[in-house]
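The structure is shown first.

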Amino acid sequence: MLTDTHTHLYDSAFANEGTNGPADAVRRALNAGVDRLVFPNVDLTTIEPMKRLAAQFPQNITMAIGLHPTEVNPESLEDDIERIQKELSGETNYVAVGEVGMDLYWSKEYEDAQKQAFDRQCTMAENAGLPVIIHCREALEQTLEVLKSHPNARVVFHSFGGSVEDVRKIRALIPDAYFGINGIVTFKNSGLREVLPEIGINRILLETDSPYLAPVPKRGKRNESAYLKYIAECVAGALELTCEEVADRTSKNASEFLGI
Ligand SMILES: [Zn+2]
């Protein structure tokens, strides 16, 4: 059994298959042995579709709530953060705060606002006793800068594609950090396979990040959670483990990290 710790099957990319589109994507995942899925939120418009799809599979799907760094806008920041806080303290059961973090790949314009949003959402996680799902793109220094004020945060660096050096930098600050490994690891020119031994199987969480980053042999297509097995196979190869060992250990990691 596999756990997809980061998937957006509620995304509009699955809506064009009709009303069953997203639910069918979940069923294909279940048929492929992916029995637990974690939905991280993106922005205020995704909260409702995310909750609707999760409610159809209460045994299999859990959710995280947060404002994605690329959705941070200084003008609406106060209102947006307030809405996220309201969700978190409401009736819905969330297993983590996410996805949150810093993304300076697309634009550096809102760097300060991103920092502020990330910092405040880390505080929310602390107060709620929840782990944090971090999105960090071209912003490792800035991300670690914020995390310095949250030394007890439990975190996963989702969609990790960094170097051995990056792993060490992160661990110098947060020794128990997890690393979310997705389709990037299967890409031909990816150096990530050589970084996996440094991370070690006990700190790896598997994820697809559907609908993005489809693994080889589906690269370039719309990604979905049913493809998680390709990532597990690649991780197994890189660490000289069996697929079963990878599935078991990473599912246990997900249970420990997210309390699921
Ligand atoms: Zn994501």
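In this predicted model, helix H5 (residues 140-147) packs with helix H6 (residues 164-173) at an angle of about 10°, and their axes are 10 Å apart. That angle is under 35 degrees, so H5 is roughly parallel to H6.

**Contact of H5 with H6**
- On the H5 side the residues are Leu140, Leu144 and Leu147, and they meet Asp166, Lys169 and Leu173 in H6.
- By class, this contact of H5 with H6 has four nonpolar and two charged residues, with no polar residues.

**Contact of H8 with H9**
- Two packed helices are described by the angle between their axes and the distance between the axes.
- For helix H8 (residues 228-239) and H9, the angle is about 105° and the axes are 8 Å apart.
- H8 and H9 are therefore roughly perpendicular to each other, as angles of 65 to 115 degrees count as such.
- Ala232, Glu233, Val235 and Ala236 are the H8 residues that meet Cys243, Val246 and Ala247 in H9.
- Six nonpolar residues and one charged residue make up the contact of H8 with H9, with no polar residues.

**The sheet**
- Eight strands form an open sheet with parallel pairing, in the order S1-S2-S3-S4-S5-S6-S7-S8.
- Strand S1 (2-4) and strand S8 (204-206) are at the edges and have a single partner strand each, so one side of each is left without a neighbour in the sheet.
- From one strand to the next, the twist averages 30°.
- Helix H9 (residues 243-258) lies across S1, strand S2 (34-40), strand S3 (61-65), strand S4 (94-103), S6, strand S7 (178-181) and S8.

**Strand S5 and its partners**
- S4 pairs with S5 in the parallel sense over five bridges.
- Within that pairing, Val100 has Ile134 in S5 as its bridge partner.
- Strand S5 (residues 132-137) also runs parallel to strand S6 (residues 155-158), and four bridges join S5 to S6.
- Ile133 has Val156 in S6 as its bridge partner.
- S5 is largely enclosed by the rest of the structure, because five of its six residues are buried.
- In a regular strand the side chains alternate between the two faces of the sheet.

**Pro49**
- Pro49 lies in helix H2 (residues 47-56).
- Is Pro49 buried, exposed or partly exposed? Pro49 has 18 C-beta neighbours inside 10 Å and therefore counts as partly exposed, since a buried residue needs 20 or more.
- The C-alpha atom of Pro49 is separated by 6.0 Å from that of Tyr10, although the two residues are 39 residues apart along the chain.

**The chain as a whole**
- The secondary structure of the protein chain comes to nine helices and eight strands.
- A compact globule of 260 residues would have a radius of gyration near 18 Å, and the 17 Å of the protein chain agrees with this.
- Along the principal axes, the C-alpha atoms fill a box of roughly 45 × 45 × 30 Å.
- Of the 260 residues, 46% count as buried.
- Among contacts in the protein chain with a separation of 6 or more, 72% are between residues 24 or more positions apart.

Definitions and conventions: Residues are numbered from 1 along each chain as its sequence is written. This is a predicted model: local features need pLDDT of at least 70, side-chain atom pairs count only at pLDDT 80 or more; totals for chains, interfaces and linings use all residues. Two strands pair if DSSP finds at least two bridges between them. Helices (H or I, at least four residues) and strands (E, at least two) are DSSP runs, numbered from the N terminus. Axes are lines fitted to C-alpha atoms, for helices over the stretch in contact, and angles run from 0 to 180 degrees between N-to-C directions. Two residues are in contact if their C-beta atoms, placed from the backbone, lie within 7 Å. Angles under 35 degrees count as roughly parallel, over 145 as roughly antiparallel, 65 to 115 as roughly perpendicular and the rest as oblique. Ala, Val, Leu, Ile, Met, Phe, Trp, Tyr, Cys and Pro count as nonpolar, Asp, Glu, Lys and Arg as charged, and the others, Gly among them, as polar. The radius of gyration is taken over C-alpha atoms; the globule rule is 2.2 Å times the number of residues to the power 0.38. A residue is buried if 20 or more other C-beta atoms lie within 10 Å of its own, exposed if 12 or fewer, and partly exposed in between; C-beta atoms are placed from the backbone.
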